[in-house]
Protein chains: 2
Amino acid sequence: MEDLARERAQATFDVNAMRILWAGGEEAFHFHNKLASLVAADPVFLKENKPRLTRKELFLGGISKAARCRELAIELGLSEGDARTLRTLRDDRAYDDLHWNMFVPVLRTQATPEQQRKWLPLATSMAIIGCYAQTELGHGSNVQGLETTATFDPSTDEFILNSPTLTSTKWWPGGLGKVATHAIVHARLILEKDYGVHAFIVQIRSLEDHKPLTTITVGDIGVKFGNGGNNSVDNGFLQFNHTRIPRTNLLMRMAIVTREGKYVRQNVPKQILYGGMIAAREIILMEASLNLSRAVTIAVRYSAVRRQFGLDDGSREIQVLDYITQQQKLFPLLATAYAFRIAGQWMELLYSEVMSQFESNDFSGLAEIHACTSGLKAITTSVTADAIEQCRKACGGHGYLCSSGLPELFAAYIPAFTYEGDNTLLFIQVGKFIIKTILNMRRSPIPQGTVEYLTDIDIHTTKCCEVSQDDDWSNSNVILDAFKARAARLALSLSKRIQNFRNQDDGFEELSIDLVKVAEAHCQLIVLSNIALVLH
Amino acid sequence: MEDLARERAQATFDVNAMRILWAGGEEAFHFHNKLASLVAADPVFLKENKPRLTRKELFLGGISKAARCRELAIELGLSEGDARTLRTLRDDRAYDDLHWNMFVPVLRTQATPEQQRKWLPLATSMAIIGCYAQTELGHGSNVQGLETTATFDPSTDEFILNSPTLTSTKWWPGGLGKVATHAIVHARLILEKDYGVHAFIVQIRSLEDHKPLTTITVGDIGVKFGNGGNNSVDNGFLQFNHTRIPRTNLLMRMAIVTREGKYVRQNVPKQILYGGMIAAREIILMEASLNLSRAVTIAVRYSAVRRQFGLDDGSREIQVLDYITQQQKLFPLLATAYAFRIAGQWMELLYSEVMSQFESNDFSGLAEIHACTSGLKAITTSVTADAIEQCRKACGGHGYLCSSGLPELFAAYIPAFTYEGDNTLLFIQVGKFIIKTILNMRRSPIPQGTVEYLTDIDIHTTKCCEVSQDDDWSNSNVILDAFKARAARLALSLSKRIQNFRNQDDGFEELSIDLVKVAEAHCQLIVLSNIALVLH
Ligand SMILES: Cc1cc2nc3c(=O)[nH]c(=O)nc-3n(C[C@H](O)[C@H](O)[C@H](O)COP(=O)(O)OP(=O)(O)OC[C@H]3O[C@@H](n4cnc5c(N)ncnc54)[C@H](O)[C@@H]3O)c2cc1C
Ligand SMILES: Cc1cc2nc3c(=O)[nH]c(=O)nc-3n(C[C@H](O)[C@H](O)[C@H](O)COP(=O)(O)OP(=O)(O)OC[C@H]3O[C@@H](n4cnc5c(N)ncnc54)[C@H](O)[C@@H]3O)c2cc1C
């Protein structure tokens with residue numbers, strides 16, 4: 001303890017200013033603290049014995065915590081955003097995360113105003129509990145390959161949902177296994193032909209006795225990584241045996257099916273869906289910085305109090321934090337936590353900008369914004385997943401005990417690499433976007449937003465680094481230029497290689513490893529640019 | 001399944017020859033298979049429901065499996081090595097691992113022949129069960145800092161073991177928490193002065209009713225990483241409250257304490273201890289290749305049957321194994337599993353060589369062998385720990401379910417990074433050895449064994465790479481030369497920087513990150529050299 005106090009007293013920066021920067025403002029800081037003390041004081045949120053609980057106890061714990069969060073949210077009149085902060089603070093996942101982070105936003109972006117009037121009050125009052133059932137046993141990344149069918153029956157004005165194969169079983173949706181009464185189900189819309197995957201709202205359990213409806217087989221998919229981890233969530237499976245739902249349960253913002261079974265595409269740009277996605281990714285970014293900060297805080301504090309090996313003069317042993325290898329393990333991660341936090345805050349702003357552009361029917365920047373948020377999701381979750389384990393290792397044996405908190409942080413966090421878009425696929429996608437931006441530069445409008453630097457690609461790929469002495473590196477512009485130069489050079493050289501392919505897609509396939517590298521360099525640049533902005 | 005069959009039919013190499021190479025010979029291959037089918041057929045070894053068990057059930061499962069292994073070993077007349085293979089195959093850790101891999105070997109290397117006559121029959125018949133109690137709450141890596149004391153009481157001819165501080169509590173020993181009757185305890189030997197840390201054999205539980213002896217406080221340290229993982233092992237804590245043991249329980253091969261309390265160093269080189277260590281590290285190497293092979297097998301097989309995204313022509317989706325990014329994730333790890341296996345087999349040979357050198361009192365090569373085994377421990381466990389998680393991620397969502405096997409492989413394996421020497425410290429140690437070898441080259445005998453290439457350091461640091469076309473890289477000598485050049489260049493340049501320090505130790509401290517890099521390059525070279533040998 002005295003070691004910690006001494007280290008803290010030695011800070012050369014304004015600690016309070018850093019806290020406020022992290023929280024995103026003075027008010028946010030105080031509000032956050034208030035919620036945190038509520039959680040700390042409430043026995044329902046106790047998590048001390050989590051690693052010793054059985055799966056059932058874990059699940060029931062999740063239920064109680066979700067219920068208490070809902071009570072508190074009502075009691076305190078919390079906004080949805082603040083209620084989310086409360087859920088983050090309880091540090092335990094439950095079905096309500098999916099309800100609020102997936103089910104409700106999908107209704108908001110994909111349901112018509114009329115549908116919203118029907119469903120949103122039910123959802124936001126939690127009179128119904130929803131989950132998001134997209135992934136199937138056989139298809140995750142390839143959403144277009146989903147097999148569940150929704151066939152229109154004009155005689156009853158219903159869709160018949162069916163799971164024609166084993167691999168079409170819905171698999172993974174959080175909240176589905178035991179809790180949800182309703183699901184957003186992605187299924188192939190079948191009229192006179194197959195219109196591809198669309199979203200439907202489907203009741204799966206009775207609102208009377210909570211039993212699954214007769215044509216529905218549903219359950220929990222089993223134990224997941226870690227003692228606690230995501231085992232408080234009932235990720236589930238779901239099979240439809242000719243389940244009937246009203247035609248109007250197709251979410252019809254993008255396209256409607258008429259009473260006669262006609263498919264009518266609505267005059268709404270497809271990109272409107274991105275709005276919800278950006279919101280979801282903002283959550284993911286914030287979770288990345290939060291989880292990274294938790295891990296790195298534990299490891300840095302431990303390293304300050306852990307002493308190992310003596311000085312020759314026989315005085316007290318050295319704090320392991322003073323070993324340069326230990327610093328190299330932890331300090332870059334500490335900085336990264338702040339960097340991701342800043343990027344997350346920037347994404348919040350971006351989101352409101354995008355929303356106002358939408359309102360004035362301006363969708364021009366969307367492809368760039370989409371690539372940027374995909375890239376940031378991929379880079380932050382990849383780095384954070386690895387970083388938590390790095391922090392754990394840095395705590396030696398103690399990091400392997402659940403009492404250090406690190407094993408559970410890891411187990412609960414790592415699926416972020418996979419869900420909301422597998423990171424490899426996201427990087428490939430971002431890489432393609434960059435290469436295409438370069439290849440189209442002469443024909444298209446000039447690159448904007450996070451790819452703006454590509455307009456100066458000639459400069460970035462030819463300019464020499466101006467560093468002549470060590471000190472020059474403390475100029476953030478120098479670092480920024482170096483990252484731009486790297487990103488631009490990798491991208492330019494790859495774009496030339498891609499041009500050698502007769503078929504661009506073959507090139508992308510063959511050079512996918514380089515696409516990932518291009519994307520990583522680009523994403524690191526985005527993060528860095530954001531820090532540079534804040535530093536200035 | 002048909003996907004797997006087709007892939008297998010397409011093998012361009014002799015699969016059987018590979019199997020035999022892996023097993024280390026035809027006979028070993030058949031024997032291994034025999035043991036494996038015994039394990040597969042025996043319900044005691046069932047592990048299907050492991051992720052759903054409580055801590056207590058896990059522990060009891062470990063007990064039953066250990067007992068059954070012992071029965072089988074007696075029934076089949078297995079050698080100790082073969083019994084170890086059987087334990088590896090059961091794929092579940094228990095107290096007997098520590099008994100056989102730590103307790104018994106320490107008796108063999110550190111006890112006098114007389115002591116061995118007393119203790120070894122008890123240990124090898126498992127009439128007593130031993131653990132290895134070195135680490136304390138306050139000291140892991142810094143063994144010289146251990147605080148437990150063993151003070152000689154000439155009036156009774158006993159040592160009094162004591163835990164003077166909270167931090168002196170023994171912490172981590174596997175088997176200690178519930179099972180072990182005896183422990184090898186590392187404690188400071190106090191006579192007229194403090195002689196530093198020595199090993200003692202201490203009874204901790206009654207052989208009648210298994211209760212802890214009155215002056216001993218002992219128990220389990222709590223839940224560790226993972227649903228199953230190492231939670232079948234009773235890693236324990238231990239405090240002594242003036243526990244008395246006979247003087248003759250000091251392991252006296254290196255030094256004896258006489259009836260009068262005189263410390264007499266024996267005429268045995270300290271290095272003899274390395275013998276046991278090399279044996280232990282051979283086990284660790286074999287475990288690295290085994291765990292890596294398990295993970296990579298799961299991921300490669302999954303990638304062969306998992307199909308995602310279609311071809312334009314609408315035919316079946318593509319096996320994800322055919323994506324280049326997926327291959328880049330898995331194929332190098334597949335190769336690495338073989339590389340580590342070969343390195344492990346080489347270490348087996350090395351061990352018997354070292355033993356015969358010992359017998360002819362030749363200890364000249366020991367420092368090099370010690371550095372080499374430290375380095376191989378560090379590189380193989382570091383790579384394997386990360387690789388298992390890489391394999392898990394490559395299985396998408398399915399890798400996060402315990403049913404994939406990967407979460408448990410990870411949770412059970414990762415402490416190998418930390419125990420038997422924290423890898424960072426091992427790399428630093430190896431780095432120092434290499435730099436010292438270079439700096440002493442003029443004065444000392446020429447470097448041998450794995451550092452022999454340093455004799456040609458001038459060549460390796462000046463020679464140009466002979467590659468002129470892609471194909472040249474398939475010549476393993478070219479690759480070997482490249483690795484030698486890298487290792488030599490890094491080492492030479494660091495050795496020059498170290499010479500700029502007045503105090504060499506300050507240099508090592510300040511440049512420890514580079515020491516790690518030098519060591520990693522060197523260790524990769526060792527692994528590669530071994531593959532090259534087998535390929536020729
Ligand atoms: C904890 C958790 C919670 C989840 N919650 C939900 C939920 O609430 N609702 C829901 O619908 N889903 C949910 N999911 C599912 C998740 O969205 C999917 O797991 C994810 O989309 C990845 O798909 P997959 O698992 O099928 O992996 P796959 O797509 O099968 O990927 C497997 C491997 O193949 C590689 N690969 C695949 N295609 C390509 C390609 N074209 N090029 C190169 N490589 C390729 C991937 O990189 C990966 O390494 C959840 C998953 C987890 C782990
Ligand atoms: C599953 C498991 C089983 C175990 N079983 C046993 C057993 O049976 N018997 C037993 O006696 N012990 C056992 N141990 C303990 C194990 O040997 C120790 O955890 C290990 O020696 C590391 O020591 P530590 O945990 O004190 O880490 P520390 O030494 O405290 O290391 C913490 C951090 O500090 C860094 N560090 C420390 N010193 C330096 C330095 N000089 N320079 C740079 N960095 C430094 C390390 O790299 C690490 O990042 C077990 C541990 C585990 C996890």
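Reply: In this predicted model, an N or O atom in the side chain of Gln326(B) is 2.9 Å from an oxygen atom of ligand 1, which places the two in polar contact (a pair of N or O atoms within 3.5 Å; within protein, one must be able to donate a hydrogen and the other to accept it, and residues adjacent in sequence count only if both atoms are side-chain atoms). Chain A contributes as well: a polar side-chain atom of Asp422(A) lies 2.8 Å from an oxygen atom of the ligand, and a backbone N or O atom of Gln134(A) lies 2.9 Å from an oxygen atom of ligand 1. Of the 970 Å² that ligand 1 exposes when taken alone, the protein buries 93% (accessible areas by the Shrake-Rupley method with a 1.4 Å probe; for residues, only the protein chains shown count as cover).

Ligand 1 lies between chains A and B. It is surrounded by 30 residues, the closest being Tyr132(A), Thr135(A), Ser141(A), Arg306(B) and Gly397(B); a residue is counted here if one of its heavy atoms lies within 4 Å of the ligand. By class, this shell has 13 nonpolar, 13 polar and four charged residues (Ala, Val, Leu, Ile, Met, Phe, Trp, Tyr, Cys and Pro are nonpolar, Asp, Glu, Lys and Arg charged, and the others, Gly among them, polar). Helix 9 of chain B gives the largest share, three residues, where helices are DSSP runs (H or I, at least four residues) numbered from the N terminus.

The two chains also touch each other. Their contact takes 58 residues from chain A and 58 residues from chain B, contact meaning heavy atoms within 4.5 Å. Together they bury about 4800 Å², 60% of it on carbon and sulfur atoms; this is the accessible area (1.4 Å probe) that two parts lose on being put together, summed over both. Phe225(B), Lys393(B) and Tyr400(B) supply 16% of the area that chain B buries against chain A, more than any other three residues. Lys393(B) also forms a salt bridge with Asp386(A), the closest N and O atoms being 2.9 Å apart (a side-chain nitrogen of Lys or Arg within 4 Å of a carboxyl oxygen of Asp or Glu).

Residues are numbered from 1 along each chain as its sequence is written, while chains are lettered from A and ligands numbered from 1 in the order in which they are written. Local features need pLDDT of at least 70, side-chain atom pairs count only at pLDDT 80 or more, and totals for chains, interfaces and linings use all residues, while side-chain values use heavy atoms, with hydrogens and water left out.

Notes: Helices (H or I, at least four residues) and strands (E, at least two) are DSSP runs, numbered from the N terminus.
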